[in-house]
Amino acid sequence: MNHSPPPTHTHTGALRLITSPAPLHSTRDGPSSAVAVPSSLSQVPVRKPRGLTPRHPVLCEMLPAGHHLSLLALALVPLASLAGAAAAGAGEGFCSAEPSSDCSQGPPLYWKVTNPTLSPVHLQDLPGFTRSVYKKDHALITPESHVFSPLPDWTNTLGAYLISPALGAHFTMYLANMQDGSKSALPPKDVERLIFVLQGSIALSLESERSHSLLVDSYAYLPANMKHSMTSDEPSTLVIFERRYTAIGDYHPDLIVGSTDKQALLETPGEVFELRKLLPTSLPYDFNIHIMDFQPGEYLNVKEVHYNQHGLLLLEGQGIYRLGDSWYPVQAGDTIWMAPFVPQWYAALGKTKSRYLLYKDVNRNPLI
């Protein structure tokens, strides 16, 4: 096979992979510029985004010789399936392009988490197939592998534990499907809890404060041993994080109730993604939840290796996640556990932005 010479231009933090078989043409952003690849991947040009200072090589130049073709092939197989499923679901109001008048009445925020493109029903003709993977330092848990059962002490609520100490994690992450008449139970003693609403709405009641109504994209942090309950009068889905609180000095965390859109965008030196943090960064809090947004083609600059653990839920979009020496196509609804020191990296693909929610332990000495 004759390989085309590597591209000579460089750019920062963005790689566009165009999977449409249509020829290159001028767009509203100006003429497309592309690098040819072998015929089997001839429809995957690399475009240079506007407004970024040339600094870093494109993805194909970052990988060892020959590996970029494997990565592109890996990306194209699931994307072809996703494209077909999206086309088949066009009558369901799915809008994968930029917002327009035709999409103004589109599906609600995060609907793909509970209605993923590759859902169990789409895979029913592939007995035994799953995209889920479990390894000693990471796990990918995909929707067709979810196992729901009644949550202990909850009323009329089914849950699916996605991450737990059985994996090696020091926290739990699970989905809770509530219905009309559902009611939560308290976590174990000395365990803190964060809830994030993915679908529907819930009422959060506290002993000493007024009730809070939490809609999609709203969340609440409940310090350990704080009495509370959650109820729902409609089908609602929550993602919940719990961990045993690690006390330090005389610090005590406070109740936090908020929504993602109310959180300020934070500086991300050397990166192009948008970052919001749902909890204060001060010492009383021993973990945080990050909301990270990537436009199509954007990727992490740093190939991270660190002592922190992660629990990730992809809320919107699709992309490629590197974990250790493995590269995984991921989509909204997928969950990832990352152990300490596993190499990790993400690139967003597709036509819409990617957003994921990320647990990270912070503010504590690793020896504790």
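Colleague: What should I know before I start reading?
Modeller: This is a predicted model, in which local features need pLDDT of at least 70 and side-chain atom pairs count only at pLDDT 80 or more, while totals for chains, interfaces and linings use all residues. Residues are numbered from 1 along each chain as its sequence is written, and side-chain values use heavy atoms, with hydrogens and water left out.

Colleague: Why is Asp 293 called buried?
Modeller: Buried means under 20% relative accessible area, exposed means over 50%, and partly exposed is in between (1.4 Å probe, protein chains only). Asp 293 has 3% relative accessibility, so it counts as buried.

Colleague: And why is Lys 353 called partly exposed?
Modeller: Its relative accessible area is 28%, and partly exposed is the class between the two cut-offs.

Colleague: How many salt bridges are found in the whole structure?
Modeller: The search finds 8. One of them joins Glu 192 and Arg 243 at 3.7 Å, N to O. Glu 192 lies in strand E8 (residues 191–199) and Arg 243 in strand E13 (residues 236–244), so this pair ties together parts that are 51 residues apart in sequence. Arg 243 also meets Asp 286 in a salt bridge, at 3.5 Å, N to O. Asp 286 sits in the loop between E15 and strand E16 (287–294), so this second pair ties together parts 43 residues apart in sequence. Glu 192 and Arg 243 are both buried, and so is Asp 286.

Colleague: What makes strand E11 largely enclosed?
Modeller: In E11 (residues 218–222), 5 of the 5 residues are buried, so the rest of the structure largely encloses the strand. In a regular strand the side chains alternate between the two faces of the sheet. Here Ser 218, Ala 220 and Leu 222 are buried on one side, and Tyr 219 and Tyr 221 on the other.

Colleague: How do you know that E11 pairs with E8?
Modeller: Two strands pair if DSSP finds at least two bridges between them. E8 and E11 have 4 bridges, in the antiparallel sense, so they pass. Phe 196 stands opposite Tyr 219 there. E11 also pairs with strand E14 (residues 256–259), antiparallel and over 4 bridges, with Tyr 219 opposite Gly 258.

Colleague: Why are strands E3 and E15 called edges?
Modeller: The open sheet has 7 strands in the order E3-E4-E20-E17-E22-E16-E15, with antiparallel pairing. E3 (133–135) and E15 (274–277) each have a single partner strand, so one side of each is left without a neighbour in the sheet. E3 pairs with strand E4 (residues 138–141) over 3 bridges, and Tyr 134 stands opposite Ala 139.

Colleague: Lastly, why is Phe 341 called exposed?
Modeller: Its relative accessible area is 52%, so Phe 341 passes the cut-off for exposed. Phe 341 is found in the loop between strand E20 (335–338) and strand E21 (344–349).

How values were computed:
Helix = DSSP H or I, 4+ residues; strand = E, 2+ residues; numbered from the N terminus. Salt bridge = Lys/Arg side-chain N within 4 Å of Asp/Glu carboxyl O.
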